[in-house]
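Hello,

Here is the structure we spoke about, with the sequence alongside. My notes on what was found in it follow below.

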Amino acid sequence: MSGVTGRTQKNTQDDGKQIVVEPGLIGGEVNRILAAHAKKHKLDDMYKIGPDPSSIDSCMIGGIVSNNSSGMCCGVTQNSYHTVKDLRLVLVDGTVLDTADPESKASFLRVSASGRSWRRGEGARGLRFAKAGG
Ligand SMILES: Cc1cc2nc3c(=O)[nH]c(=O)nc-3n(C[C@H](O)[C@H](O)[C@H](O)COP(=O)(O)OP(=O)(O)OC[C@H]3O[C@@H](n4cnc5c(N)ncnc54)[C@H](O)[C@@H]3O)c2cc1C
């Protein structure tokens with residue numbers, strides 16, 4: 001979720017059961033990447049992202065995740081909330097939280113539990129800070 005670009009890392013993992021994408025990518029394009037991955041590797045199973053809103057060929061991953069998009073086929077069990085594994089997100093103060101990074105998560109929880117708010121540039125261990133323009 002950090003940054004709005006249309007680039008994909010094309011980081012397909014676990015035989016296409018997982019994919020790492022940036023928020024500016026169109027949902028339908030992610031499904032096409034997964035389909036190409038299954039075809040290339042001659043996999044029996046071809047996976048799609050969980051949410052299947054009818055607008056999937058025009059809406060982006062950032063919007064799909066923010067809206068907790070669902071769809072006719074996925075229902076609730078495979079909506080965004082239930083199928084997003086990790087997020088890298090930028091908080092309003094510029095703090096970057098990467099839920100896939102245990103150290104980043106631990107730092108975030110530590111500061112949250114302390115009840116104090118983040119100070120920009122605080123440099124808590126495991127948290128990276130967004131740089132203007134970067
Ligand atoms: C024709 C049509 C059919 C639809 N069908 C369904 C359906 O069947 N099922 C269903 O569940 N939904 C459906 N929807 C709703 C759909 O889920 C959302 O419209 C869609 O996911 C939003 O994606 P978007 O790219 O248009 O996002 P936007 O409208 O651009 O953004 C949506 C929200 O997400 C925020 N956002 C976007 N990117 C980021 C980011 N990188 N970081 C943080 N916040 C971000 C925006 O600020 C905004 O608040 C439909 C919508 C349309 C127009």
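Predicted model: local features only at pLDDT ≥ 70, side-chain atom pairs only at ≥ 80, totals over all residues.

Asp14 sits in the loop between β1 and β2, and its phi is positive, near 55°, although the residue is not a glycine. Asp15 belongs to the loop between β1 and β2 as well. Its phi is also positive, about 55°, and Asp15 is not a glycine either. Asp15 is partly exposed because it has 13 C-beta neighbours inside 10 Å.

Gln13 is part of strand β1, which covers residues 8-13. With 11 C-beta neighbours inside 10 Å, Gln13 is classed as exposed. Beyond its neighbours within four places in sequence, Gln13 is in contact with Gln18 and Ile19. Between Gln13 and Leu34 there are 9.9 Å from C-alpha to C-alpha, at a separation of 21 residues in sequence.

**The chain as a whole**

The elements of the chain are four helices and five strands, and their order along the sequence is β-β-α-α-α-β-β-α-β. The chain has 134 residues, of which 18% count as buried.

**The nonpolar core**

Which residues make up the largest nonpolar core? There are eight: Ile19, Val21, Leu25, Val30, Leu34, Ile49, Ile61 and Ile64. At least two residues of this core come from each of β2 (18-21), α1 (27-40) and α2 (61-66). One core member, Ile64, touches Gly27, Pro51, Pro53, Cys59, Ser69 and Ser80, leaving out residues up to four places away in sequence.

**The ligand**

The ligand is surrounded by 17 residues, and the closest are Pro53, Cys59, Gly62, Gly63 and Ser66. The shell around the ligand consists of eight nonpolar and nine polar residues, with no charged ones. Pro53 and Cys59, two of the closest residues to the ligand, are also touched by Ile64.

**Helix α4**

Helix α4 (residues 102-114) has 13 residues, so at 1.5 Å a residue it should span 18 Å. Its end C-alpha atoms are 18 Å apart, which agrees with that expectation. After α4 comes Gly115, which has a positive phi near 85°.

Regards

Technical notes. Residues numbered from 1 in each chain as written. Near = placed C-beta within 6 Å. Nonpolar A, V, L, I, M, F, W, Y, C, P; charged D, E, K, R; others polar. Buried ≥ 20, exposed ≤ 12 C-beta atoms within 10 Å, placed from the backbone. Contact = placed C-beta atoms within 7 Å. Core = buried A, V, L, I, M, F, W, Y, C linked by C-beta atoms within 7 Å. Expected span 1.5 Å × (residues − 1).
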